[in-house]
Amino acid sequence: MGDRKAIFITGGGSGIGRAVALHFAERGWFVGLGDIDKSGLHETAELIGNGFVYSHVFDVRDRAAWDEALEAFSVASGGRIDVVFNNAGIPLGGSLIENSPEEIERCLDINLKGAFLLAQAVGRRMIAQAGGSIINIASISRAGNMGQSNYSAAKAGVSALVPVWAKELARYGIRCMGIAPGFIETEMTASMKPEALEKMTAGIPLKRMGKPEEIASTVAFIFENDYVSGRMIEVDGALRL
Ligand code: NAP
C-alpha cells in the first residue's frame, strides 16, 4: 500500500459517514466502510469509484462480523489503520416513562457498545503499530435532550469514553477524540416533519443546519493536529444544549 493512509468508518453507507469517506478518498486514503445498509454502502463505494475502498456489510452489534471485516480491511490496507471513525448510530427516541427494555438495549448496543468494542479491537491493532486516532461521534443530545433518554445516555457514554481512552492510550501514540454535532443535513434529519425542521432551524444561532462535509473537515482536523486528544469538538452552529 506504500504510504497510503487508512481510515475505517462505521455507518459509511449514508450521511456523515459517507461524507467522511469521500473526503478522505479524495485525498488518496484507503477507505474501509462498514454499514448495515448494503445498498447505501454500495452507493458510497461507487461514488469513491477507485480500487482503494473496501466495504463490508455488518451490524455493529455483531462482533464476529465486524471483527472479520476489520481483519480483511487491515490485510487489504497493508496492515495499517490510521483512523477509526465510530459513526454508526440510530436516533432512537422515547421518554423515560415510555422506553421499553428492548429499546433501551437496542439504542445502547448500537450507539455505545458497538463503538466501545470496535475501539477496543482497533486500539489493540494501533498499539501494535504504535499510533493512530480513534474518533467517536456523539451529539448535542449528550447533554440531555428531553424525549431522548436512550440516545442521550448512549451519546453521553461515547463522550465519556473519549478522555478515558485518550489517557490510557497516549503512551502508545494513540489519540482519541469525539465530535458532537448539532443538526446536520442527512437522511436522519430529512425524516423530520417540515414544521419540526423549521422550528428547530430557527433555534440554531447560525440559522442553518450543518453539512456532513463540515463533520468530515473536523475529522480531518483531528487527524492533522497531533496535539489534540481526549476532548470533544462541538460542531453545532452554537446550539449547544
Ligand atoms: P444516517 O444517515 O442514518 O447514517 C447512519 C448509518 O449507520 C446508516 O447507513 C445506518 O443504516 C447505519 N447503521 C444504523 N444502525 C447500524 C448498525 N447497527 N450497524 C451498522 N450500521 C448501522 O445518520 P447520520 O445523520 O449520518 O448520523 C451518523 C452519526 O452521527 C450517528 O451516530 C448519529 O447519531 C450522529 N449524529 C447525527 C446528527 C444529525 O443531525 N444527522 C446529529 C448528531 C449526531 P440504516 O440507514 O439502515 O439504519
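**The ligand and its shell**

An oxygen atom of the ligand lies 2.8 Å from a backbone N or O atom of Asn-87. Taken alone, the ligand exposes 880 Å², and the protein buries 88% of that. Accessible areas here come from the Shrake-Rupley method with a 1.4 Å probe. The model is predicted: local features need pLDDT of at least 70, side-chain atom pairs count only at pLDDT 80 or more, and totals for chains, interfaces and linings use all residues. Residues are numbered from 1 along each chain as its sequence is written, and side-chain values use heavy atoms, leaving out hydrogens and water.

One is 2.9 Å from an N or O atom in the side chain of Asp-59. A polar backbone atom of Ile-36 is 3.3 Å from a ligand nitrogen.

Now take the shell. Ser-14, Asp-35, Tyr-151, Ile-184 and Thr-186 come nearest among the 28 residues around the ligand (a residue is near if one of its heavy atoms lies within 4 Å). The shell divides into 14 nonpolar, nine polar and five charged residues, with Gly counted as polar and Tyr as nonpolar. Helices α1 (15-26), α5 (149-169) and α6 (187-190) each supply at least two shell residues. Helices are DSSP runs (H or I) of at least four residues, numbered from the N terminus. With three residues, α6 gives the most.

Thr-189 sits in helix α6. Thr-189 is buried, because its relative accessible area is 8% (buried means under 20%, with a 1.4 Å probe and protein chains only). Its side chain reaches the backbone oxygen of Ile-184 at 2.6 Å.

Methods: Polar contact = N/O pair within 3.5 Å; in protein donor to acceptor, adjacent residues only side chain to side chain. Buried < 20%, exposed > 50% of the residue type's maximum accessible area, 1.4 Å probe, protein only.
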